[in-house]
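Subject: Structure handover and notes on what was found

Dear colleague,

I am handing over the structure below, together with notes on what was found in it. Please read the notes with the structure open beside them.

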Amino acid sequence: MTGATVNAGSTPDSGSPASPGQVAWSGPSRFAAAYARRAGVTAQPGLERLRRLLDLLGQPQRSFPSIVVAGSVGKSSTLAVITALLEGFGVRAGSLRAPDWLGPAEQVGLGGARIPADVLERAFDDIEPYLPLVEDDGHLGARELLLAVAIAAFADAPVDLAVIESGGPGSELPGAGGFGDLADLLDVPVAAVTPVAPAWSDAGWSDAGWSDAGWADSGGSDGGESGAGRSGDDWSEDGGSDGGGSAGGWSVDLAGEADEPRLDRVAAPVGTVIRFGTLVVLAQQALPAARALLRRAALAGSTVAREGMEFGVLGRRVAVGGQMITLKGLGGTYEELFLPLHGAHQAHDAAVGLAAVEAFLGGGQNQLDLDIVRAALAQVDGRGRLEVVRRSPTIVLDVADSPPAVTAVVEALHEAFGFDSLVAVVAVEGDEATAARMLAVLEPVLAAVVLTDGATAGALPVDDLAAVAGGVFGADRIEVTPRLDDALDDAVRLAEAESELGGAGVLVLGSAPVVGRARALLRF
């Protein structure tokens, strides 16, 4: 048994039941109550009311610089790398993560740790008198309130820097996420753009993941290897390593033959961080996204550092508890770095994070202290990223919630774990098409799948998910268990039955809120 049933219904220190698929917030009481009142509010398009609130507060967001992390996948991992490195170098940073799968209180960090509850409470007390002035036509959304309170707390701390996940509100790219278009609100000397998903438009996802679309850079390999969702560590020295190349340095036709409106939609969630005066650290991209993003950079006159040109992954190998990687940064080469995260995609996210910190700490002109970089990367937060939370059988959690993310997870599982039998617990945030593509990636590596209720407004109902899964797996490899605690127990039973001599594994993924709930049930 997993022990999940024993713990079901509450989370540690919450003092109250948690709804399925969610993690209760045990944060500051008055702020928590205000947040809860707004949790069901649909935020108005744009950030005009938030802008008005910050203006009334004296624009606290302008009292510190910010690194904004935007993109479709890999934002949270990149943010974790950035904050760990900044802490290692003694930079007092505030951080704000977009996904709330750990619970809203875990989204805000200060000085490398969760922000103290009393700090958030004081910041809310400062903001509360001004809320009626901007909520005369309805409440702010919960995320807008959290962003305002976090900014006020950062300014009061004070912080040297804030690191914030961003993205466009109402984006046509599911998973772009973030707290909206923040570029106009913040002072952003450095922006990190993780891979953008171009195929998530009218044509839908490629079943084979990102690699079918090809990559922007087609230089020769230099010590790298193929990774999940990326076609390898292709390398070229043409761009130099001076911390920034011209927007046209990649093998990309900026004019291109692709439909311009479609390219604009591709770049819309992240393109606003690309502006004059911002050094853009750009992860390696599929060709349609690269064309769109580099076109925006050329028009804005931005300085761009490109993965595979100015920085990148030189090599990697599996290690106990993670991997050893060698990175080329903007200022030099960093060898034998231990990263406590599995998979090639995490090595690439680490490269983007390191380049962003190099850019902030000196424009990428000089190599950072290698010992500090090594120590910091070894402390990167690995929660929810192929995180092992139980043994016998091994239970692994990952917040992969899109087809390319699931593809990366499958590749990393093959590389880092030797399961004889693997059963997945899956809930999906999205529609039937997204579910079908995610399940198609999982099907070859699973003995069975247990489908459970996502328990959020955006979750695909479990009966609809079962109908999709039947066409992928067949009825004999599917179980439908709406309650998450029962689903975990069913998955353990199935995995152990398939592998009586050991080597069984259970993977929980597909819906970030469900992964967060599973973590609360299993780990604590």
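In what follows, a residue is called buried when its relative accessible area is under 20%, exposed when that area is over 50%, and partly exposed in between. Please keep in mind throughout that this is a predicted model.

By that cut-off, helix α3, which spans residues 48–56, has R49, L50, L53 and L54 as its buried residues. They cover an arc of only 140° around the axis, which puts them on the same side of α3. What do these buried residues of α3 pack against? Their partners are α5 (117–127), α6 (131–134) and α7 (142–156). After α3 comes G58, a residue whose phi is positive, near 90°.

Helix α2 can be described in the same terms. Its buried residues are F31, A32, A34, Y35 and R38, and because they cover an arc of only 165° around the axis, they fall on the same side of α2. On the other side of this helix, S29, A36 and R37 are exposed.

For the chain as a whole, the secondary structure comes to 16 helices and 19 strands. Of its 524 residues, 57% count as buried. Among the contacts in the chain with a separation of 6 or more, 75% are accounted for by residues 24 or more positions apart.

Turning to charged pairs, side chains of opposite charge can pair when their charged atoms come close. With a side-chain nitrogen of Lys or Arg required to lie within 4 Å of a carboxyl oxygen of Asp or Glu, the count comes to 20 salt bridges.

The side chains of R38 and E135 meet in a salt bridge, with an N to O distance of 2.9 Å. R38 belongs to helix α2 (residues 29–38), whereas E135 sits in the loop between α6 and α7, so this pair ties together parts that are 97 residues apart in sequence. Are the two partners buried or exposed? R38 is buried, at a relative accessible area of 3%, and E135 is buried as well, at 13%.

A second salt bridge joins the side chains of R51 and E48, at 3.9 Å from N to O. These two residues are three residues apart in helix α3, and so they are separated by about one helical turn. R51 counts as partly exposed at 29% relative accessibility, and E48 is also partly exposed, with a relative accessible area of 47%.

R493 is partly exposed, with a relative accessible area of 39%, whereas D490, at 18% relative accessibility, counts as buried. Apart from these pairs, R97, E106, R114, D381 and R383 are linked in a network of salt bridges.

Helix α15 also takes part in a helix pair. Two packed helices are described by the angle between their axes and the distance between the axes. The axes of α15 and helix α16 (residues 512–523) come within 10 Å and cross at roughly 75°, which means that α15 is roughly perpendicular to α16. Which residues make the contact? From α15 they are L484, D485 and L488, and from α16 they are V514, R517, A518, L521 and L522. Sorted by class, the contact of α15 with α16 has six nonpolar, no polar and two charged residues.

S95 has its place in strand β2 (residues 93–96), and at 10% relative accessibility S95 counts as buried. Leaving aside residues up to four places away in sequence, S95 touches L79, T83, Q107, V108, G109, F154 and V163.

How values were computed:
Residues are numbered from 1 along each chain as its sequence is written. This is a predicted model: local features need pLDDT of at least 70, side-chain atom pairs count only at pLDDT 80 or more; totals for chains, interfaces and linings use all residues. Side-chain values use heavy atoms; hydrogens and water are left out. Buried means under 20% relative accessible area, exposed over 50%, partly exposed in between (1.4 Å probe, protein chains only). Helices (H or I, at least four residues) and strands (E, at least two) are DSSP runs, numbered from the N terminus. The arc is that of the directions from the helix axis to the C-beta atoms. Contact means heavy atoms within 4.5 Å. Axes are lines fitted to C-alpha atoms, for helices over the stretch in contact, and angles run from 0 to 180 degrees between N-to-C directions. Angles under 35 degrees count as roughly parallel, over 145 as roughly antiparallel, 65 to 115 as roughly perpendicular and the rest as oblique. Ala, Val, Leu, Ile, Met, Phe, Trp, Tyr, Cys and Pro count as nonpolar, Asp, Glu, Lys and Arg as charged, and the others, Gly among them, as polar.
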